[in-house]
Amino acid sequence: MRYAMAVAVAMLGFATPAWADAWNFILTNSTGKEIKLIEVSPAGASQWQPNKVEEGEKPKPIKVAGRTTIHFDKTGTQCKWEVKATFADDSSAVFPAVNMCDASFVTIKYVNGAPAATGS
């Protein structure tokens, strides 16, 4: 009976979903435009999740040259994440993947008209 119970408990461990880790980074807006929404996605996945804010709050705009902390759920071992910015004029851009396992600070900008991102 104890063996059967141990096997049942072990099987429940296999059935549990993967837990997400709460991650964050500091984003600097060097795009030249005010940002109204930031979303992140694992590189190439297009599974966008918005910046997590406190329940009942709305995301605050990020002014030109402004900084803010971005909160998101990281699942699995994925380190490279893309950043999508929706601007005050309702245009949007996807900025190339940054290794979030190594970067605590991310700057998004345009270089020769193309979206660019750097992490440190």
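From the N terminus on, the elements of the chain follow the order α-β-β-β-β-β-β-β-β, which amounts to 1 helix and 8 strands. The model described here is a predicted one, and of the 120 residues in its chain, 27% count as buried.

**Strand pairing**

Strand S7, residues 105–111, takes part in two pairings that are described here in turn. With strand S1, residues 21–30, strand S7 runs parallel, and 5 bridges join the two; within this pairing, Leu27 stands opposite Val106 in S7. With strand S8, residues 114–119, strand S7 pairs in the antiparallel sense over 6 bridges, and here Thr107 has Thr118 in S8 as its bridge partner. S7 and S8 also form a hairpin, with 2 residues between the strands, and in its turn Asn112 has a positive phi of about 55°. The table sets the two pairings side by side.

| Strands | Sense | Bridges |
|---|---|---|
| S1 (residues 21–30) and S7 (residues 105–111) | parallel | 5 bridges |
| S7 and S8 (residues 114–119) | antiparallel | 6 bridges |

**Aromatic side chains**

The structure holds 3 aromatic pairs. In one of them, the rings of Phe25 and Phe72 have their centres 5.9 Å apart and their planes at 70°, and because an angle over 60 degrees counts as edge-to-face, the pair is placed in that class. Phe25 lies in strand S1 and Phe72 in strand S4, residues 67–74, so the pair ties together parts of the chain that are 47 residues apart in sequence. Both Phe25 and Phe72 are buried, and together with Trp81 they form one aromatic cluster.

**The largest pocket**

Strand S4, which carries Phe72, is also one of the elements that give two or more residues to the lining of the largest pocket, the other being strand S2, residues 35–42. About 270 Å³ of space lies in this pocket, and 18 residues line it, among which Asn51, Val53, Lys60, Thr68 and Thr69 lie nearest its centre. By kind, the lining residues divide into 8 nonpolar, 4 polar and 6 charged.

How values were computed
Residues numbered from 1 in each chain as written. Predicted model: local features only at pLDDT ≥ 70, side-chain atom pairs only at ≥ 80, totals over all residues. Heavy atoms only, no water. Pairing = 2+ DSSP bridges. Helix = DSSP H or I, 4+ residues; strand = E, 2+ residues; numbered from the N terminus. Phe/Tyr/Trp six-rings, centres within 6.5 Å; stacked < 30°, edge-to-face > 60°. Buried < 20%, exposed > 50% of the residue type's maximum accessible area, 1.4 Å probe, protein only. 1 Å grid on protein atoms, 1.4 Å probe; cavity = no way out; pocket = protein on both sides within 12 Å on 5 of 7 lines; lining within 4 Å. Points joined across faces, edges and corners; volume = space filled by probe spheres on them. Nonpolar A, V, L, I, M, F, W, Y, C, P; charged D, E, K, R; others polar.
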